[in-house]
Amino acid sequence: MNISNKLFQDKEYLAYLETFLTARRVERFKEVLSNRTNYITIVAEDIFQLHNTSAVMRSCEVFGVQELHVIEQKFGKQIDKQIALGAEKWVDIHRYNSVQNCIDSVKAKGYKVVATTPHGTAQSLDTFDLSEPVAIFFGTERTGLSPEIIEQADDYITIPMVGFTESLNISVSAALIIQSLSMRLRASALPWQLSAEDLVTKRIDWARKTIKDIDFVTARFLERGNE
């Protein structure tokens with residue numbers, strides 16, 4: 001059943017759905033969402049190995065980043081659910097068929113485009129400036145980010161390394177950066193938490209993904225409003 005966006009902001013609908021959940025599940029949703037953020041968002045560009053995209057999504061979920069953007073200009077594949085381990089239910093995934101569409105979208109939402117690179121004048125992960133919302137772009141396993149992203153990036157970030165190898169696997173790099181920046185963010189006074197509207201939307205979304213026969217349940221709710 002397709003429902004209107006307005007229903008995802010309906011607190012009466014939320015209260016109705018939560019009567020089908022245990023009190024423990026409701027509180028768990030609230031607890032997890034209290035640590036969710038859209039201040040940092042992650043972008044994966046044309047990741048060739050499917051399990052790497054899935055692992056990045058899992059890192060987003062574990063460390064509280066709510067949105068993952070996936071550019072599928074070259075490789076269009078489904079998420080590997082065995083690797084994601086259910087993370088696809090709790091992370092919002094946005095897909096793009098071109099690099100430029102993704103860049104335009106995140107910039108329109110107020111994000112600074114940040115390219116990950118081991119070279120150039122990139123800021124160190126330890127001291128990276130988080131004074132404004134950031135979209136962190138990760139590139140392919142073989143060649144890194146495309147020149148299109150590098151050229152349009154507002155800033156650059158790198159992971160300090162002291163060995164001979166100049167790069168890490170994409171899933172490892174993403175996990176390190178997401179964990180470090182999200183922990184720093186939560187320790188700061190920056191406005192990193194989800195808005196009140198987003199909290200309602202996600203509680204409804206997660207409840208809908210949990211309740212069996214959700215279409216029937218929603219239909220019953222809508223019928224009540226017409227009585």
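## A chat about this structure

Reader: Hi! Leaving aside neighbours within four places in sequence, which residues is Thr117 in contact with?

Author: Hi! Thr117 is in contact with Ala122, Tyr156, Ile157 and Thr158, once its neighbours within four places in sequence are set aside; contact means heavy atoms within 4.5 Å. This is a predicted model, where local features need pLDDT of at least 70 and side-chain atom pairs count only at pLDDT 80 or more, while totals for chains, interfaces and linings use all residues. Residues are numbered from 1 along each chain as its sequence is written, and side-chain values use heavy atoms, with hydrogens and water left out.

Reader: Thanks! And where does Thr117 lie?

Author: Thr117 is in the loop between β4 and β5. Helices (H or I, at least four residues) and strands (E, at least two) are DSSP runs, numbered from the N terminus.

Reader: Is Thr117 buried or exposed?

Author: Thr117 has a relative accessible area of 16%, so it is buried. Buried means under 20% relative accessible area, exposed over 50%, and partly exposed in between (1.4 Å probe, protein chains only).

Reader: Zooming out, how many helices and strands does the chain have?

Author: The chain has nine helices and seven strands. Of its 227 residues, 46% are buried.

Reader: In what order do the strands sit in the sheet?

Author: The open sheet runs β3-β2-β1-β6-β4-β7-β5, with parallel pairing. β3 (92–96) and β5 (123–124) are at the edges with a single partner strand each, so one side of each has no neighbour in the sheet. Two strands pair if DSSP finds at least two bridges between them.

Reader: Which helix packs on that sheet and touches β7?

Author: That is α7, which touches β1 (40–45), β4 (112–116), β6 (134–138) and β7. The direction of α7 makes about 165° with that of β6. Axes here are lines fitted to C-alpha atoms, for helices over the stretch in contact, and angles run from 0 to 180 degrees between N-to-C directions.

Reader: How many residues of β6 are buried?

Author: Five of the five residues in β6 are buried. Val134, Ile136 and Phe138 cover one side, and Ala135 and Phe137 the other. In a regular strand the side chains alternate between the two faces of the sheet.

Reader: How many bridges join β1 to β6?

Author: Five bridges join them, in parallel, and Val43 stands opposite Phe137 in β6. β4 is joined to β6 by four bridges, also running parallel; there, Lys112 has Val134 as its bridge partner.

Reader: Switching topic: which residues form a nonpolar patch on the surface?

Author: Met161, Leu168, Val172 and Leu176 do, with about 300 Å² of accessible area together. Patches are made of residues with over 30% relative accessible area and no salt bridge, joining like charges within 9 Å and nonpolar side chains (Val, Leu, Ile, Met, Phe, Trp, Tyr) within 5 Å. A salt bridge is a side-chain nitrogen of Lys or Arg within 4 Å of a carboxyl oxygen of Asp or Glu. Accessible areas come from the Shrake-Rupley method with a 1.4 Å probe, and for residues only the protein chains shown count as cover.

Reader: And where does Leu168 lie?

Author: Leu168 is in the loop between β7 (155–158) and α7 (170–186). Leu168 is partly exposed, at 38% relative accessible area.

Reader: Last one: what is phi of Asp213?

Author: Phi of Asp213 is near 55°, a positive value in a residue other than glycine. Asp213 sits in the loop between α8 (196–210) and α9 (214–226), and counts as exposed at 60% relative accessibility.
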